[in-house]
Amino acid sequence: MADLILALDLPTGDDARRLVDRIPELTWVKLGPVLMNRAGGGVDLVREMVDRGLRVFLDQKWHDIPNTVRGAAEAARGLGVRMATVHALGGAPMLAAAAEGAGESGDGGGLGIVAVTVLTSHDASSYGDAVGGLRADLRQEVRRLATLAMGAGVRGLVCSPEEAADVRDVVGEGKWGFVPGVLRP
C-alpha cells in the first residue's frame, strides 16, 4: 500500500500549519530546505509536526563527510524524524554512516535513510559536467548509484517515475521506494 506524503513546500511555518490543520487524516509530511530555513521553520516545526502525531520526512539531501552526515542523522532521529534523504553521490562510506547514525535496524522503525541518485533537473550533459565525465547514460547511472546506496545499508531510494521500473529490483523486499509527484484536483 502506498502512503501519501504531503510536501510542505510553503513560504512560512504558519502556512504549513494552516495546511496541516485542513487535512485531519494526514499521516506524513515532508519538510524541505526552503521551509526549514525560513522564519517559523526549522527544529521547532519538526518537533511540532512530530507532537501532532505526524511522521516527518526531512528532505535535506545530505552530502558531506561521513562523520557530519552521521551526526545529522543522529540529530534527526533524536527529533523523532522518520525519514531523511542523502545524496548517493556521497559514496558508500557516507551512506553507511548515515544509516548508522539513523540507527538502521531493518525492522522499519525509527529513522529511515533514503538515497537520491540523480537529480531530475539533470540531463546527460549537465550530469556529466557535474561529475567530471562525458555524457552519461542516466538510466545506467541511476541504477549504479541505487545499487551502491542499497549495498551501504540505507532503507530505500527516491526516484522519478521514469526510474522506478529500473530500480525496483535493486530496492528489494521490505525496503522503501519513493516517487515524488504532484496530485491535481
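## Reading a strand and a helix pair

Author: Welcome! Gly-112, Val-114 and Val-116 point one way from β5 and Ile-113 and Ala-115 point the other way, and all are buried (buried means under 20% relative accessible area, with a 1.4 Å probe and protein chains only). This is a predicted model, where local features need pLDDT of at least 70 and side-chain atom pairs count only at pLDDT 80 or more, while totals for chains, interfaces and linings use all residues. Residues are numbered from 1 along each chain as its sequence is written, and side-chain values use heavy atoms, leaving out hydrogens and water.

Reader: How many residues of strand β5 are buried?

Author: For β5 (residues 112-116), 5 of the 5 are buried, so the strand is largely enclosed by the rest of the structure.

Reader: Which strands are joined to β5 by bridges?

Author: Two strands pair if DSSP finds at least two bridges between them. Here, 5 bridges join β4 (residues 83-87) to β5, running parallel, and Thr-85 stands opposite Val-114. On β6 (residues 156-158), 3 bridges join it to β5, also parallel, with Val-116 opposite Val-158.

Reader: What describes two packed helices?

Author: The angle between their axes and the distance between the axes. Axes are lines fitted to C-alpha atoms, for helices over the stretch in contact, and angles run from 0 to 180 degrees between N-to-C directions. The axes of α4 (residues 66-79) and α5 (residues 92-102) come within 7 Å and cross at roughly 25°. The two helices are therefore roughly parallel to each other (angles under 35 degrees count as such).

Key:
Helix = DSSP H or I, 4+ residues; strand = E, 2+ residues; numbered from the N terminus. Parallel < 35°, antiparallel > 145°, perpendicular 65-115°, else oblique. Buried < 20%, exposed > 50% of the residue type's maximum accessible area, 1.4 Å probe, protein only.
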